[in-house]
Amino acid sequence: MSWIGYSLRRGILSTRYPLRADSMAPAYRGAVESLPANVEAQALGAGACLSSALTAAGARARVDRKRCFQCGECARRSPEAFGMRNEFELAEVAGNPDEVRSLLRERVRGLGRSVHLRHVDAGSDGSEEQELQAIFNPFYDANRLGIFLTATPRHADVLVVTGVVTRAMAQPLLAAHEAMPQPKLVVALGTSACSGGIFSRSIAVLGPVSDVLPVDVFIPGTPPSPLTILHGLWVALGYAAARGRS
Amino acid sequence: MSAQARSRVAGGERLAWIFADRIGRQTRLHYVFANGASLVDVGSDAAGSVQSLTPVTPAAEWYEREIRDRFGLEFENLSDDRPLVRVEPPDELRKRESPEISTVLYGPIRSGIVESARWTIDTAGETFVEVAPSMFFKHRGLEERFVGVELELAPFVAEHVSGATASSHAAAFCRAVETVADVHVPERARAARSVLVELERVAQHLDSLGKLADDGSLSVGSAQTFAAKERVHRLLAAGTGHRFGRGVCCVGGTRFDVLASLREACDRELEEVERHARSVVQTLVSTQSLLDRLIGAGKLTYEQVVRFGAVGPVARGSGVSCDARTGDDYFYTPLTGEEVLESNGDAAARALVRAAEIQRSFQLIRNALSANPPGDWLAKAAPRDGCGFARVEAPQGELIYFVRIEGGRLMRVAIRPPSYANWPLFVPSLPGNIFTDFSFIEHSFAASQSEVDR
Ligand code: SF4
């Protein structure tokens, strides 16, 4: 059987996101929403969070999305104070989103029409790699957006780092960053990379990527879905504004 | 002390695991043997130095090296005294100085989207002479992370050990605790866990096959395999709220009636997922140009697999029967179909095992969905003290969890991931192969580095 015929029969699968809207399944636990509730209800949910993403405060609890690993337990224990939404555009930048956006746009202007990603695993759980790989599958086809993967640091524009940075990976990570030409962007992919997640108090790890390198864009999620990654890369390229700020 | 372990090895039992547990100032060694469908734990207190089991079985080597590095216990006559956990400065690994042989350091950062690990490769021209792994670049202290965590939340830690096989890890952890708590897990929850673990197997086997297709430059073949895998993740997202089915298993059952939502999602999508997966796999395994690259690559004999105690598709590809689902009436009621075995022991055999298992998994998924056991999905577990083991047939093979609970608190969690049992065999599978076979062999093992390093 020929492979060309095979894929023709399968038809076009690919999303048009981010040029057109797309969505995740209604049940998808993308983002925590904190609801107006009393402090007891807030504290009940916050106590369920293994990565201390929630702080009871005032009318509604504060949520640090970079810490959330999407388990849904806060909403299960305290539905008055927390809910899960199927939101997937989760990327954050350090600083004012609008200012960062124009800065990023300025920086990628020199890159031409396509950008090349280089990936470094600093201590992931292995699923971040699979979701990053997935943006190149026929459903997402990141190549259609001019996003490619490169093996050579010299050709890389964006360094995508997965996982919390372990002690053994800090040095290789720094060297990989060093080897890239200017201008270069750093993306922390996944909750552990963004904030350390559940490993924050672990002595075996060094900390989040931003403890080692200047991070331009944070893409939380455990792991972030392919749509979340596409959105985050779009933010990194200055085409979209990040939602939050951190 | 290790005499009993020795006689079990001599008696032909498979050494599945050695791990250490420190209670107060006392270090206790556990030798875990697989005897048919059950695990036998031979525990003994250790002090100072212990006789290594490596003179009688190579399966002991990585376990003993890791215990030495992490617990400071010495093993006499250990066959390989290089550190396993500590990451050596690379220069110390370059030991061979010969004009015909050159040494290449491959990793820890490699090309493409891969997990970090380093290989010191001695080659003579094109062929491998010797390969030495350096692991634990990704050591995150996960076993320690469990200590003191509330039992209800601890499955989330298990899901961080290997995110791609999170359901297997969560289920194995929960089962281990459930053996201690003596809770009767409702059948509805067991059916749901079974569906999750089998969907995970389909996704991960497709991942391995997709990477092999990519190695073989079948760009359409690999794209279509990854597309089929994507359908599994979408199905999981609709049925569980997470693309890898995380956040579902908890001690005593499942956190919500996930079987109901899985049934709903499967009603809509399972047929298409299965059709896509089946057709792409069928096409892959009949693509001669791919098979040509896989046949003969990374060959492992039946004896090697038995001696090293490998598990999962790696064992089954060499004709060694090893499937924790067999004889397990906990998850897999009713288990249908024969265990899939191949005899060639090469990358092709392992790929064929995975291809056939994908089909079998769909059958198991349908069985569990249509059984649809009524009733509750969560039983209250009364916290009790004690130690418990559990195993689950994860996509890469037998996964074992050990838990020790005191005063209702987790005091020790130890994990023997399938990739850990298989990785030591990767090295002996390489010599004689050529450089370009490396990724084929690696992807036919499909080991998860994150669960090895923990
Ligand atoms: S990690 Fe879990 S408990 Fe914490 S905020 Fe996110 S969903 Fe809630």
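The model is predicted.

**View 1. The second largest cavity, in chain B.** The lining divides into ten nonpolar residues, no polar ones and five charged ones. The volume of this second largest cavity is about 120 Å³. Its lining holds 15 residues, and Trp17(B), Ile18(B), Phe19(B), Glu66(B) and Arg454(B) are the closest to the centre. Strand S1 (14-23), helix H2 (61-71) and strand S13 (409-416) of chain B each supply at least two lining residues. H2(B) gives the most, with five. Domain 1 (3-76) and domain 3 (150-445) of chain B each contribute at least three residues to this lining.

**View 2. Arg454(B), a residue with positive phi.** Arg454(B) is among the residues closest to the centre of the second largest cavity. It sits in the segment after H16 of chain B. Its phi is positive, about 55°, although Arg454(B) is not a glycine. Is Arg454(B) buried or exposed? Its relative accessibility is 4%, so Arg454(B) counts as buried.

**View 3. The largest cavity, lined from chains A and B.** The count of cavities of 30 Å³ or more comes to ten. The largest holds about 410 Å³ of space. Two or more lining residues come from each of helix H5 (127-134) of chain A and, in chain B, helix H7 (187-215) and helix H15 (438-445). H7(B) gives the most, with four residues. In total 23 residues line this cavity; Glu115(B), Lys211(B), Ala446(B), Ala447(B) and Ser448(B) lie nearest its centre. By class, the lining has seven nonpolar, ten polar and six charged residues.

**View 4. Ala446(B), beside the centre of the largest cavity.** Ala446(B) is one of the lining residues nearest the centre of the largest cavity. Its place is the loop between H15 and helix H16 (449-453) of chain B. Phi is positive here too, at about 50°, and Ala446(B) is not a glycine. With a relative accessible area of 18%, Ala446(B) is buried, because the cut-off for buried is under 20%.

**View 5. Strand S8 of chain A and its partners.** Strand S8 (residues 158-163) of chain A is mostly covered, with six of its six residues buried. Which strands pair with S8(A)? Strand S6 (residues 115-123) of chain A runs parallel to S8(A), joined by six bridges. In this pair, Asp121(A) has Thr162(A) of S8(A) as its bridge partner. Strand S10 (residues 185-189) of chain A also runs parallel to S8(A), through five bridges. Here Val158(A) is the bridge partner of Leu185(A) in S10(A).

**View 6. The shell around the ligand.** Residues around the ligand include Cys49(A), Cys68(A), Cys71(A) and Cys74(A). The shell divides into nine nonpolar residues, two polar and no charged.

**View 7. Cis peptide bonds in chains A and B.** In chain A, a cis peptide bond joins Tyr17(A) and Pro18(A), with omega about 5°. Pro18(A) lies in the loop between helix H1 (3-10) and strand S1 (31-34) of chain A. In chain B, the bond from Gly107(B) to Pro108(B) is cis, with omega near 5°. The loop between strand S6 (102-106) and strand S7 (118-124) of chain B holds Pro108(B).

How values were computed: Residues numbered from 1 in each chain as written. Chains lettered and ligands numbered in written order. Predicted model: local features only at pLDDT ≥ 70, side-chain atom pairs only at ≥ 80, totals over all residues. Heavy atoms only, no water. 1 Å grid on protein atoms, 1.4 Å probe; cavity = no way out; pocket = protein on both sides within 12 Å on 5 of 7 lines; lining within 4 Å. Points joined across faces, edges and corners; volume = space filled by probe spheres on them. Nonpolar A, V, L, I, M, F, W, Y, C, P; charged D, E, K, R; others polar. Domains from an automatic or database assignment. Buried < 20%, exposed > 50% of the residue type's maximum accessible area, 1.4 Å probe, protein only. Pairing = 2+ DSSP bridges. Near = heavy atom within 4 Å.
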